[in-house]
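Dear colleague,

Please find below the structure that I am handing over to you, with its sequence.

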Amino acid sequence: MKPSLVLLILLVFASQLLVAETFLIGEGYATSSSTESEESVVSAYRAALETEKAGANVSSLLVKLNEAAKFLASGRMSNGSADFDEATRIAREVENAAVELKDSALSEGLQRMVFTMTASVVGMALIALGSLVVWRLLKNRYRTNTLQK
Amino acid sequence: MDVKEYRGWLIVGSLALMLLAATPTLALYLKIPSGSERFSELWLLGSGHKAEDYPSNVKVNETYSVFVGVVNHLGYSAYYNVSVKFRNQTQQLPVASNATHSALPTLYEFNFFVGNDEAWEALLNFKILNVERSNDYMIVNSLSINNVLFQVDTISKRDETRNGFYYQLFFELWLYNITSQSFQYNNHVGLWLNVTDFI
């Protein structure tokens, strides 16, 4: 057999292997995107829950998470990595926004707590002072009435 | 009245008012548990968006609609999954009493997030596409849900009592559990369908 023919056969065989490997890589990429995407969405949800526990209103975060969930579902139906990428992008946006919102909520919560405690202490002090003043007035009035009699 | 009698009432009144003034601060630290039950609602409505006119006798190649909805009363924002499945009269149904889901494959699913005391709803259109029938048996080969085709190949024996071939399209509600980091089966609702094989 001519060496050039053997070489040709080997080249054809090698090209088939290369094509098969490309398909395998392609499928693997789509699968890992799906997993990554789902994990991103779950991670963003956890961040939103933490933010909610801190007292923030997370409605806007849930709206964005639902957008991400739609892309995730669409990606699963069509096995399209573009949808998974979009879901991941939105989920990461949500996670960042959740962190900021949580910091803001904690800060507001602290301010509210300080204000409430201060107002309570001042209120209690005013009531104690007022009671003392009322007591003094009553005592003076009683003394005046007793002396006049 | 002696002034000393006023003193007693004044002290009591002052203490009561001071307690009232301290209430907002106490409320920050004392958490009174809510007595209300925590749960999720799952419901189906007919095409008229009411709890009536549910599809029951369905013809092949005709589209039917239902609304599926979930309301969150869990006290926190929840991540839900609604899985749509299809069965004959003998295949496994979820068992709500011991929180066991059906082992049948999910055909179509919704994944969504719902805030506390908020609701989610979606329209579901389905169509039985391809059936094979003999006198006593029917096989539903395929159906579509929201224009997505599913190969189901589900066989049903004629129900002599009700005189028809009965299948069930049912919806399982799953709730994401943060601790176990997975969805857990919660509840289900279903629609019984008597499939007739031609318009």
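The contact between the two chains draws 28 residues from chain A and 30 residues from chain B. Please bear in mind throughout that this is a predicted model. About 2,600 Å² is buried between chain A and chain B, and carbon and sulfur atoms account for 71% of that area.

As to polar interactions, nine residue pairs are in polar contact across the interface of chain A and chain B, both residues being at pLDDT 80 or more. One salt bridge is found across this interface. A:Arg76 and B:Glu109 form a salt bridge, with their closest N and O atoms 3.3 Å apart.

On the side of chain A that touches chain B, the elements giving two or more residues are helix 1 (3-53), helix 2 and helix 3 (81-148) of chain A. Helix 3 of chain A contributes the most to that side, namely 14 residues. Sorted by class, the side of chain A that touches chain B comprises 19 nonpolar, five polar and four charged residues.

Chain B contains an open sheet of five strands in the order 2-10-9-4-5, with mixed pairing. Strand 2 (57-59) and strand 5 (108-114) of chain B lie at its edges and have a single partner strand each, so one side of each is left without a neighbour in the sheet. From one strand to the next, the twist averages 35°. Seven bridges pair strand 4 (residues 78-88) of chain B with strand 5 of chain B in the antiparallel sense. Opposite B:Val84 stands B:Tyr108, which belongs to strand 5 of chain B. Chain A meets this sheet through helix 2 (residues 59-78), which packs on the sheet and touches strand 4 and strand 5 of chain B. The direction of helix 2 of chain A makes about 165° with that of strand 5 of chain B.

A further five strands of chain B form an open sheet in the order 1-3-6-7-8, with antiparallel pairing. Its edge strands are strand 1 (39-45) and strand 8 (148-157) of chain B, each of which pairs on one side only. Here the twist averages 30° from one strand to the next. Within this sheet, strand 3 (residues 63-73) and strand 6 (residues 119-133) of chain B run antiparallel and are joined by nine bridges. B:Ser65 has B:Asn125, in strand 6 of chain B, as its bridge partner.

Yours sincerely

Note on methods:
Residues are numbered from 1 along each chain as its sequence is written. Chains are lettered from A and ligands numbered from 1 in the order in which they are written. This is a predicted model: local features need pLDDT of at least 70, side-chain atom pairs count only at pLDDT 80 or more; totals for chains, interfaces and linings use all residues. Side-chain values use heavy atoms; hydrogens and water are left out. Two strands pair if DSSP finds at least two bridges between them. Helices (H or I, at least four residues) and strands (E, at least two) are DSSP runs, numbered from the N terminus. Axes are lines fitted to C-alpha atoms, for helices over the stretch in contact, and angles run from 0 to 180 degrees between N-to-C directions. Contact means heavy atoms within 4.5 Å. Buried area is the accessible area (1.4 Å probe) that two parts lose on being put together, summed over both. A salt bridge is a side-chain nitrogen of Lys or Arg within 4 Å of a carboxyl oxygen of Asp or Glu. A polar contact is a pair of N or O atoms within 3.5 Å; within protein, one must be able to donate a hydrogen and the other to accept it, and residues adjacent in sequence count only if both atoms are side-chain atoms. Ala, Val, Leu, Ile, Met, Phe, Trp, Tyr, Cys and Pro count as nonpolar, Asp, Glu, Lys and Arg as charged, and the others, Gly among them, as polar.
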